[in-house]
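The following account is a guided reading of one protein chain, intended to be followed with the sequence and the model side by side. Please keep both in view while reading.

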Amino acid sequence: MQKFFDNPWFATLAPALAGAMLDAARPLRLAQGEILYLQGEPTARVRDGIWGVACGAIRLSVMHENGNEAILTIVEPGNWFGETALLEDLPRAATATAQEDTELLAVSAERFEMLMRDASFAYAIARLEAQRLRAALGLVADMALHGTRARVARRLLMLARGDLTNASNARSTIVASQDHIAMMLGVGRTTLNTELRALARAGVIALRYGQIEVLDLELLRAAAAA
């Protein structure tokens with residue numbers, strides 16, 4: 001449970017609200033590759049709800065008409081997701097897949113609606129949605145205003161802060177494959193590898209198997225601002 005209280009958003013909840021949210025949840029386990037819900041799937045009130053990642057990770061992605069998958073984000077432990085479709089009462093906008101064996105806390109739609117009757121909880125959810133909208137608009141702006149290397153650097157900064165977590169302190173090791181980072185950025189693996197190697201030659205990062213080590217955070221920030 002500590003992972004949730006370490007999360008910047010969840011940590012701002014009043015103790016009573018945090019406790020109510022955890023009390024309303026039931027455990028749910030997914031095996032690696034198991035799909036929680038599909039893009040375009042209507043919300044089914046009996047089954048749907050919101051989920052918190054206790055351990056493991058959830059990949060949120062969309063499929064293009066050409067069959068290519070674009071990764072929106074990796075939901076790490078401590079984060080909650082899935083609330084937007086309930087607020088809109090619209091089909092799921094993305095597919096949620098277990099990136100690895102994952103344990104979730106599931107809050108049903110009915111319990112979520114009961115929690116939303118509390119003005120303080122509803123305000124907290126509004127703040128969460130605003131944070132995610134700001135991040136999404138930032139990614140759109142990146143595509144319009146920045147070159148590929150700056151976009152790569154900016155996404156590495158997001159991943160260093162937990163991507164969806166948006167932690168105040170960046171970690172030095174990013175655990176993500178180049179394939180997944182390329183799918184986040186919408187670029188080819190060769191293009192991504194070229195940009196990563198350029199950052200590595202500049203002493204910004206070091207490339208490891210399945211992970212990237214941030215050697216100089218300030219240089220990474222400078223590359224992101226280019």
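The paragraphs below treat the domains, then the nonpolar cores, then selected residues and salt bridges.

The model is predicted: local features require pLDDT of at least 70, side-chain atom pairs count only at pLDDT 80 or more, and totals for chains, interfaces and linings use all residues. Residues are numbered from 1 along each chain as its sequence is written, and side-chain values use heavy atoms, with hydrogens and water left out.

The chain is divided into domain 1 (1-130) and domain 2 (146-225), with bounds that come from an automatic or database domain assignment. Between the C-alpha centres of the two domains the distance is 25 Å. Twelve residues of domain 1 are in contact with eleven of domain 2, contact meaning heavy atoms within 4.5 Å. Together domain 1 and domain 2 bury about 1000 Å², of which 51% is on carbon and sulfur atoms; buried area is the accessible area (1.4 Å probe) that two parts lose on being put together, summed over both. The interface of domain 1 and domain 2 also holds one salt bridge by the rule applied, namely a side-chain nitrogen of Lys or Arg within 4 Å of a carboxyl oxygen of Asp or Glu.

An unreviewed UniProt entry places the feature "domain: HTH crp-type" at residues 146-218. UniProt positions are given in the numbering used here, feature names are shortened, and annotations may be inferred rather than shown by experiment. Over residues 146-218 the chain is 49% helix and 15% strand, and the end C-alpha atoms are 18 Å apart. Helices (H or I, at least four residues) and strands (E, at least two) are DSSP runs, numbered from the N terminus.

Which residues touch the most other members of the largest nonpolar core? In this core of 26 residues, they are Leu 156, Ile 174, Ile 181 and Leu 192. A nonpolar core is here a set of buried Ala, Val, Leu, Ile, Met, Phe, Trp, Tyr and Cys residues joined through side-chain atoms within 4.5 Å. Buried means under 20% relative accessible area, exposed over 50%, and partly exposed in between (1.4 Å probe, protein chains only). At least two residues of the core come from each of β5 (69-75), α6 (148-160), α7 (178-185), α8 (189-201), β11 (211-214) and α9 (217-225). Helix α6 supplies the largest share, six residues. Domain 1 (1-130) and domain 2 (146-225) each contribute at least three residues to this core. Apart from it lies another core, of 22 residues, including Trp 9, Leu 17, Ala 109 and Ala 124. In soluble globular proteins, nonpolar side chains tend to be buried together.

Beyond its neighbours within four places in sequence, Ile 174 is in contact with Leu 156, Leu 159, Ala 160, Gly 210, Gln 211, Ile 212 and Val 214. Ala 160 lies in helix α6 and counts as buried because its relative accessibility is 2%. With residues up to four places away in sequence set aside, Ala 160 touches Asn 169, Ala 170, Arg 171 and Ile 174. Arg 171, in turn, forms a salt bridge with Glu 76, with 2.6 Å between the closest N and O atoms.

Helix α6 also contains Arg 151. Is Arg 151 buried or exposed? Arg 151 counts as buried, because its relative accessibility is 14%. Not counting residues up to four places away in sequence, Arg 151 touches Asp 142, Met 143, His 146, Leu 185 and Val 187.

The structure holds nine salt bridges in total. One of them joins the side chains of Arg 29 and Glu 103 at 3.6 Å, N to O. Arg 29 lies in strand β1 (residues 26-30) and Glu 103 in strand β8 (residues 102-108), so the pair ties together parts that are 74 residues apart in sequence. Arg 29 is exposed, at 59% relative accessible area, whereas Glu 103 is partly exposed, at 33%.

A second example is the salt bridge of Arg 149 with Glu 195, whose closest N and O atoms are 2.5 Å apart. Since Arg 149 lies in helix α6 and Glu 195 in helix α8, this pair ties together parts that are 46 residues apart in sequence. Arg 149 is partly exposed, with a relative accessible area of 40%, while Glu 195 is buried, with 12%. Arg 155 and Asp 163 form a further salt bridge, with the closest N and O atoms 3.0 Å apart. Arg 155 is buried at 4% relative accessible area, and Asp 163 is buried at 7%.
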